[in-house]
Amino acid sequence: MQQHSSLSKTAWLFMTPCLLVLFVVAAWPLLRTFMLSLTNARLEDITHAQWIGSANFRDLFVDAEWWGAVTNTLLFAAFSVPCEAILGLMIALVLHKTFKGRGLLRAAVLVPWAIPTIVSARMWGWMLHDVYGIINELLVRLGAIAAPLPWTASPTLSFVTIVLVDVWKTTPFMALLLLAGLQALPQDCFEAALVDGVSRKRIFFRITMPLLRPTLIIALIFRTLDALRVFDLVYILSSGDSNTETMSIYARRHFVDYANVGYGSAAAVCLFFVVALVTVFYINMGRRNILGDA
Amino acid sequence: MTTIVLKDVTKSFKDHPIINGVNLTIEGNACTALVGPSGCGKSTLLRLICGLEEPTTGEIYVDGSCVNRLPPVARGIAMVFQSYALYPHMTVFDNMAFALKIAGCSKTDIARRVQHAAKTLKVDHLLDRTPKQLSGGQRQRVAIGRAIVRHPKAFLFDEPLSNLDAALRLQMRYELARLKAELNTTMVYVTHDQGEAMTLADTIVIMREGAIEQQGTPLELYRSPKNLFVASFIGSPTMNFLHAIIVAWQDDQHLNIRLRSGETLVVQVPYEALKWKESLLEEGSELTVGIRPENLTEASSRRKQAGTHLKGRVSLVENLGHEAYVYVSLPVGEHVKVRLTGNCNYAIGRDISLFLRSEDCHIFDSNGEAMRGLKEIPLC
Ligand SMILES: Nc1ncnc2c1ncn2[C@@H]1O[C@H](COP(=O)(O)OP(=O)(O)OP(=O)(O)O)[C@@H](O)[C@H]1O
Ligand SMILES: [Mg+2]
């Protein structure tokens, strides 16, 4: 007993630095945001805020712009994540095969993921510029379109553009995660299936996919959470356009542009709960696959 | 009735030759055991036969037609993998039923076949479990079950019993022998256990470093091993080897040889058949005499027997109850194992005199090649 308590004392001692850091960078900001969301704090003078209870949330829930942002964010996640998963899986399957130059291709595939989002978003923004952009220029010259398209200006088209650029950027991440999963699968049962007379297509659906499911679910969780918090890509490609505004951009707008710290915090808190809800949903869905196999 | 023929098959992995020119005919409706030391290419040979690897050169024929270019599916051969290779996400039942479902068998047919195989292999109480919830031996049996439900043209077994305990292994060996009679198909059976090979196989193929050393019935290999390698591989415990030199040819049938301990014996060697090796058979050339532990007996002190006696000292006794393996060190620094039955109480350090008959001796020349086989035991 004596030894046990001294052991746990030592354990706490070792944990302290980590807990401290976590408190400072995670728990405290979170708590502070919660608190601010219940006040009418302004950016100019945060210290003289008054408690106003749930007034910010009441305002938020009747704001059509907020619900627009929620819809945009969910739509963005709903379109980009499946596209990335399917494309990523296809690329992973190709990279899983042995062929000449595979190492080079693996490195090349990673390039979009390696470029900071700000840089790649700005790059795409220029390339997609409706007047000077190279993409319009090329498409017009090829005869694919009659007139230049407003890639980042028209409401629906800019949404499509944002999804496409996000797919371009994050598919490599998905591919790499799934490739790691594929490589960890037991090779011999694929050989057994070949000998058993199972066609390649069936092997994919009946063996590869079920075995890859835990990895796929983890990858989907990562990507969905990322997608729900999307900020930089949208901010740079279509800044100030309420048609593509996401939750985090909405929060930033109220927080910084309108200096309404309390209201912005309330939006951030709601974003937090949406993300938490989706996480719980995924974990419940994946529990059987992830934990059941452990 | 499926015959598998391998013609000059070689296989290299990135310039490493693994299989070096194998010519082998695997008879239909018979069990061929593939034995050899670890890493000699047994599994690789099976993978070549079932189509998971393509031979670098040479051809493989199944029922007379070349299958080199055929994918595994089209060959109709089932394989039990050394690593079981069960589908981790399927239950035992689904593991066994998968190939049948794919082949489009009816539900009742599948259930019947799987139940039957599971009963035979004593895994019928495990059908709802996943492979993770099975012991190594149970997995191995499920893997066997997965192969037998398919009724394939031929079975390839890669050490299917290696993970079972001794009792279960004997029982499974018996079940496999029964299965072999029941299924009446071609079987290729890789094993390290030469007892398994001797009892199950109609033909044994001994491999070394990717080549076949000798092929024959169990008794042929036991009675007439072609060289020292085969002689040391077949038989348990292994054959004893003693150094000897040629003293003189008595006539063109009989050779006088002297063991290191000074004993002499006369062995019958058909000189005619060996003429081409003359240089190895000069007086003074070295020989190796092989004698199996079961062919040595303790010399009776009362009855004088004609033959050669080896005097030594008991250094170790492995007593199995009904018999004992006695390790005897000879004064010249050689050791022999003897299998003795009856009263097996031998004190360590005790002097012992062993008796060997020259008919039982295997004679190998200085290259390790056998100079004669032992006489066939007449069938009675
Ligand atoms: N895919 C491969 N690439 C390179 N070398 C290989 C490959 N497969 C097998 N080998 C080599 O071929 C040799 C024979 O392997 P194999 O698995 O056939 O041996 P084995 O006789 O079955 O041995 P064991 O009794 O231990 O199972 C080994 O030296 C092994 O390292
Ligand atoms: Mg092997």
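Predicted model: local features only at pLDDT ≥ 70, side-chain atom pairs only at ≥ 80, totals over all residues.
Me: At what angle do α3(B) and α4(B) pack?
Reply: About 135°, with the axes 10 Å apart. Helix α3 of chain B covers residues 92–102, and helix α4 of chain B covers residues 107–120.

Me: Why are they called oblique to each other?
Reply: The angle is about 135°. Roughly antiparallel needs over 145 degrees, and roughly perpendicular runs from 65 to 115, so the pair falls in the rest. α3(B) and α4(B) are therefore oblique.

Me: Is the crossing left-handed or right-handed?
Reply: Right-handed.

Me: Which residues meet there?
Reply: From α3(B), B:Phe93, B:Met96, B:Ala97, B:Leu100 and B:Lys101. From α4(B), B:Ile110, B:Ala111, B:Arg113, B:Val114 and B:Ala118. The contact residues divide into 8 nonpolar, no polar and 2 charged.

Me: Switching to rings. How many aromatic pairs over all chains?
Reply: The count is 19. In one of them, A:Phe79 and A:Phe159 have ring centres 6.1 Å apart and planes at 80°, so that pair is edge-to-face.

Me: Where do those two sit in the chain?
Reply: A:Phe79 is in helix α3 of chain A, and A:Phe159 is in helix α8 of chain A.

Me: Buried or exposed, A:Phe159?
Reply: Buried, at 17% relative accessible area. A:Phe79 is partly exposed, at 45%.

Me: What about A:Phe272 and A:Phe273?
Reply: Edge-to-face, with centres 5.5 Å apart and planes at 75°. A:Phe272 is partly exposed at 35% relative accessibility. A:Phe273 is partly exposed at 47%.

Me: Which residues do ring pairs link into a cluster?
Reply: A:Phe61, A:Trp66, A:Trp67, A:Tyr250 and A:Tyr263.

Conventions: Residues numbered from 1 in each chain as written. Chains lettered and ligands numbered in written order. Heavy atoms only, no water. Axes fitted to C-alpha atoms, helices over the stretch in contact; angles between N-to-C directions. Helix = DSSP H or I, 4+ residues; strand = E, 2+ residues; numbered from the N terminus. Parallel < 35°, antiparallel > 145°, perpendicular 65-115°, else oblique. Left-handed = near helix turned anticlockwise from the far one by under 90°. Contact = heavy atoms within 4.5 Å. Nonpolar A, V, L, I, M, F, W, Y, C, P; charged D, E, K, R; others polar. Phe/Tyr/Trp six-rings, centres within 6.5 Å; stacked < 30°, edge-to-face > 60°. Buried < 20%, exposed > 50% of the residue type's maximum accessible area, 1.4 Å probe, protein only.
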